[in-house]
Amino acid sequence: MATMKRLDGRIALVTGASRGIGRAVALAMAHEGAHVIITGRVAGALEELDDEIRAEGGTATLLQLDLRKGERVDQLGPTIYQRWGKLDILVGNAGTLGSLSPLAHVTEAAWTQVIETNLTANWRLIRTLDPLLQRSDAGRAIFVTSGAAAGQYAYWGPYAVSKAGLEVLARTYALEVETTKVRVNLVNPGPVRTQMRAKAFPGEKPETLPAPDELAPLFVELASPSCASNGRIVSFREWLSVRKPAPAEGG
């Protein structure tokens with residue numbers, strides 16, 4: 001008898017799925033049985049991901065989407081409703097680093113790009129997709145934050161502000177849905193081998209960092225109907241330390 005997959009038959013939307021963490025999460029969720037709506041700005045990268053998902057026996061729907069186009073984000077809810085009638089999983093992963101410079105040197109265009117992508121777009125996703133998550137028997141929303149949200153780094157202004165705002169946004173949403181079947185959490189990946197990390201820390205050796213696919217099981221866990229957590233910020237490092245078995249005595 002075939003083993004039931006953890007996300008069998010569920011509908012998941014993953015933003016920023018063309019590369020990095022989003023790509024790894026989309027692959028993992030498809031592998032666990034979800035039909036994945038993969039969004040990103042680069043059509044070619046989405047098509048490559050779709051090919052890989054299908055090669056592994058999964059299914060996906062491609063959606064080329066610039067999250068700064070608010071009217072297009074607003075259309076997601078009605079579009080998904082017409083086809084599936086619900087949404088089980090939302091992964092708000094897409095993000096941009098922007099320029100690292102003193103606040104006084106940040107241009108309005110640079111500020112707006114980061115805030116719209118990292119914060120405003122996720123508010124729009126909540127607004128258009130909450131009715132569909134409510135129609136699920138176990139709606140799950142997962143957003144991706146950063147240690148930068150603590151405001152401990154000079155020159156990271158727009159990015160840090162956007163992630164701090166995202167944390168408050170997601171935790172507020174979690175409070176608003178706590179009496180429903182929807183659960184909302186955030187993941188703090190920490191340093192991960194991604195293009196964004198390489199841009200921020202060009203002198204760092206990427207081989208010393210975990211690969212994006214190492215984070216994917218955490219997202220699957222938070223997306224599962226059995227997950228009861230709500231309003232948490234889950235650190236990948238802490239989660240991993242709990243999962244790792246203790247070393248054998250004498251080993």
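Me: Do helices α4 and α5 run roughly parallel or roughly antiparallel to each other?

Reply: In this predicted model, local features need pLDDT of at least 70 and side-chain atom pairs count only at pLDDT 80 or more, whereas totals for chains, interfaces and linings use all residues. Helix α4 (residues 76-84) and α5 pack at an angle of about 25°, their axes being 8 Å apart; axes are lines fitted to C-alpha atoms, for helices over the stretch in contact, and angles run from 0 to 180 degrees between N-to-C directions. Angles under 35 degrees count as roughly parallel, over 145 as roughly antiparallel, 65 to 115 as roughly perpendicular and the rest as oblique. The relation of α4 to α5 is therefore roughly parallel.

Me: Which residues of α5 meet α4?

Reply: Residues are numbered from 1 along each chain as its sequence is written, and side-chain values use heavy atoms, with hydrogens and water left out. Contact means heavy atoms within 4.5 Å. On the α4 side stand Leu76, Gly77, Pro78, Ile80 and Tyr81. Their counterparts in α5 are Leu125, Thr128, Leu129 and Leu132.

Me: How many charged residues does the contact of α4 with α5 have?

Reply: Ala, Val, Leu, Ile, Met, Phe, Trp, Tyr, Cys and Pro count as nonpolar, Asp, Glu, Lys and Arg as charged, and the others, Gly among them, as polar. By these classes, the contact of α4 with α5 has seven nonpolar and two polar residues.

Me: At what angle do α1 and α2 pack, and what makes the contact?

Reply: Helices (H or I, at least four residues) and strands (E, at least two) are DSSP runs, numbered from the N terminus. Helix α1 (residues 20-31) and helix α2 (residues 43-55) have axes 10 Å apart and pack at an angle of about 25°, which makes α1 roughly parallel to α2. The contact is made by Arg23, Ala26, Leu27 and Ala30 of α1 with Glu48, Leu49, Glu52 and Ile53 of α2, and it divides into five nonpolar, no polar and three charged residues.

Me: Which residues of α9 meet α8, where the two helices pack at an angle of about 90°?

Reply: Helix α8 (residues 216-223) and helix α9 (residues 236-243) have their axes 10 Å apart, and the angle makes them roughly perpendicular. The contact has four nonpolar, no polar and two charged residues. Pro217, Leu218 and Glu221 of α8 meet, in α9, Phe236, Trp239 and Arg243.

Me: Which strands stand at the edges of the sheet?

Reply: Seven strands form an open sheet with parallel pairing, in the order β3-β2-β1-β4-β5-β6-β7; two strands pair if DSSP finds at least two bridges between them. Neighbouring strands are turned by 20° against each other on average, direction ignored. Each edge strand has a single partner, so one side of each is left without a neighbour in the sheet. These edge strands are β3 (59-64) and β7 (233-235).

Me: Which residue in β4 stands opposite Val14?

Reply: Strand β1 (residues 11-14) and strand β4 (residues 89-92) pair in the parallel sense over three bridges. Opposite Val14 stands, in β4, Val91.

Me: Is Ser162 buried or exposed?

Reply: Ser162 is found in helix α6, and not counting residues up to four places away in sequence, Ser162 touches Val114, Ile115, Asn118 and Leu119. Buried means under 20% relative accessible area, exposed over 50%, partly exposed in between (1.4 Å probe, protein chains only). Because its relative accessibility is 0%, Ser162 counts as buried.

Me: What is the relative accessible area of Asn93?

Reply: Asn93 lies in the loop between β4 and α5. Leaving aside neighbours within four places in sequence, Asn93 is in contact with Thr15, Gly16, Ile21, Gly22 and Val144. Asn93 is buried, with a relative accessible area of 12%.

Me: How many Å apart in space are Gly98 and Tyr159, C-alpha to C-alpha?

Reply: Gly98 lies in the loop between β4 and α5 (108-134) and is buried, with a relative accessible area of 13%. Gly98 and Tyr159 are 61 residues apart in sequence, while their C-alpha to C-alpha distance is 6.8 Å.
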